[in-house]
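This report describes the fold and selected side-chain arrangements of one protein chain. The sequence and the structure are shown first.

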Amino acid sequence: MYRYDYFFHYLLINDEPLRLFLCQYISHDDSIFHTTIENSETYKPSYDGKKLILDVVVKDDKGRYYNFEMQNRSIEEEDQIRFMRYGERLVDIQEKKGIKLQNIKEVYQLIIYTGKAIEGLKRYRHDIRKADRQGNKDFKGDRVKTVILQIEKAWLRRCILEKCLEIILFDLMKMLLMQ
């Protein structure tokens with residue numbers, strides 16, 4: 001199983017069909033037909049001497065932002081705060097461009113989590129929103145839609161890897177046919 005930020009980073013930067021698939025998957029919008037990379041930088045070594053990859057930020061053809069991250073170690077409270085801040089920063093970018101609050105597009109985050117299953121989160125996919133817990137209602141002003149995929153859930157791991165392999169093989173076949 002691939003757990004490496006570099007591999008994930010490389011795929012997102014270099015494989016537009018994969019980015020497109022992931023954007024369609026987390027937004028539930030199959031009408032997206034193009035994505036562009038908005039930000040893809042690296043941090044200096046900081047965690048156990050490992051170079052950490054800044055999330056890859058992508059924009060779709062409808063103007064929505066996507067933040068992709070691979071999390072290889074346990075998700076702690078500090079990480080949860082960071083996830084929320086990253087999403088809100090992408091909302092801030094739109095506001096700073098002069099977009100009125102009611103017209104700000106949704107921001108999607110995909111956190112691919114390769115660590116041990118998170119206690120209390122039993123499914124492979126968890127959609128995180130700001131909500132009224134007692135009324136079980138989403139807060140309408142929440143523009144950030146966070147999805148955590150727990151790769152340790154075996155059948156999802158196989159599904160994602162099969163889709164990645166399918167996309168990579170398709171790209172390889174295209175390249176071979178062009179020669």
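## A covered strand

Strand β4 is mostly covered, with seven of its seven residues buried; buried means under 20% relative accessible area, exposed over 50%, and partly exposed in between, with a 1.4 Å probe and protein chains only. Helices (H or I, at least four residues) and strands (E, at least two) are DSSP runs, numbered from the N terminus. In a regular strand the side chains alternate between the two faces of the sheet. Both faces of β4 are covered: Val 107, Gln 109, Ile 111 and Tyr 113 are buried on one side, and Tyr 108, Leu 110 and Ile 112 on the other.

The model is predicted: local features require pLDDT of at least 70 and side-chain atom pairs count only at pLDDT 80 or more, whereas totals for chains, interfaces and linings use all residues. Residues are numbered from 1 along each chain as its sequence is written, and side-chain values use heavy atoms, with hydrogens and water left out.

## Overall composition

The protein chain comprises four helices and eight strands. From the N terminus on, its elements run α-α-β-β-β-α-β-β-β-β-β-α. Of the 179 residues of the protein chain, 38% count as buried. Among contacts (heavy atoms within 4.5 Å) between residues at least 6 apart in sequence, 62% join residues at least 24 apart.

## The sheet and its pairing

Six strands form an open sheet in the order β1-β2-β3-β4-β8-β5, with mixed pairing; two strands pair if DSSP finds at least two bridges between them. Its edge strands, β1 (35–39) and β5 (125–128), each pair on one side only. Neighbouring strands of this sheet are turned by 25° against each other on average, direction ignored.

Strand β4 runs parallel to β3, to which it is joined by seven bridges. Leu 110 in β4 is the bridge partner of Phe 68. The chain passes from β3 through α3 to β4 in a right-handed β-α-β crossover, a term that applies if, with the strands pointing away from the viewer, the path from the first strand over the helix to the second runs clockwise. Seven bridges also join β4 to strand β8 (residues 144–150), and these two strands run parallel. Gln 109 stands opposite Thr 146 in β8, and Ile 112 has Leu 149 in β8 as its bridge partner.

## Helices on the sheet

Helix α2 packs on the sheet and touches β1, β2 (56–60), β3, β4, β5 and β8; its direction makes about 100° with that of β3. Helix α3 (residues 77–96) also packs on the sheet, touching β2, β3, β4 and β8, and its direction makes about 160° with that of β3. Axes are lines fitted to C-alpha atoms, for helices over the stretch in contact, and angles run from 0 to 180 degrees between N-to-C directions.

## Aromatic pairs

Rings of Phe, Tyr and Trp (its six-membered ring) pair if their centres lie within 6.5 Å; planes under 30 degrees apart count as stacked, over 60 as edge-to-face and the rest as tilted. The count by this rule is three aromatic pairs. Phe 21 and Tyr 25 are stacked, because their ring centres are 6.2 Å apart and their planes lie at 20°. These two residues are four apart in helix α2 (residues 16–27), so about one helical turn separates Phe 21 from Tyr 25. Phe 21 is partly exposed at 24% relative accessibility, and Tyr 25 is partly exposed with a relative accessible area of 24%.

The rings of Tyr 66 and Tyr 108 are also stacked, since their centres are 5.3 Å apart and their planes are at 15°. This pair links distant parts of the chain, with Tyr 66 in strand β3 (residues 65–71) and Tyr 108 in strand β4 (residues 107–113), 42 residues apart. Tyr 66 is buried at 0% relative accessibility, and Tyr 108 is buried with a relative accessible area of 5%. One aromatic cluster is formed by Tyr 66, Phe 68 and Tyr 108.

Thr 35 lies in strand β1 and is buried, with a relative accessible area of 1%. Its side chain is joined to that of Arg 19 by a polar contact of 3.3 Å. A polar contact is a pair of N or O atoms within 3.5 Å; within protein, one must be able to donate a hydrogen and the other to accept it, and residues adjacent in sequence count only if both atoms are side-chain atoms. Leaving aside neighbours within four places in sequence, Thr 35 is in contact with Glu 16, Arg 19, Leu 20, Cys 23, Val 58, Lys 59 and Asp 60.
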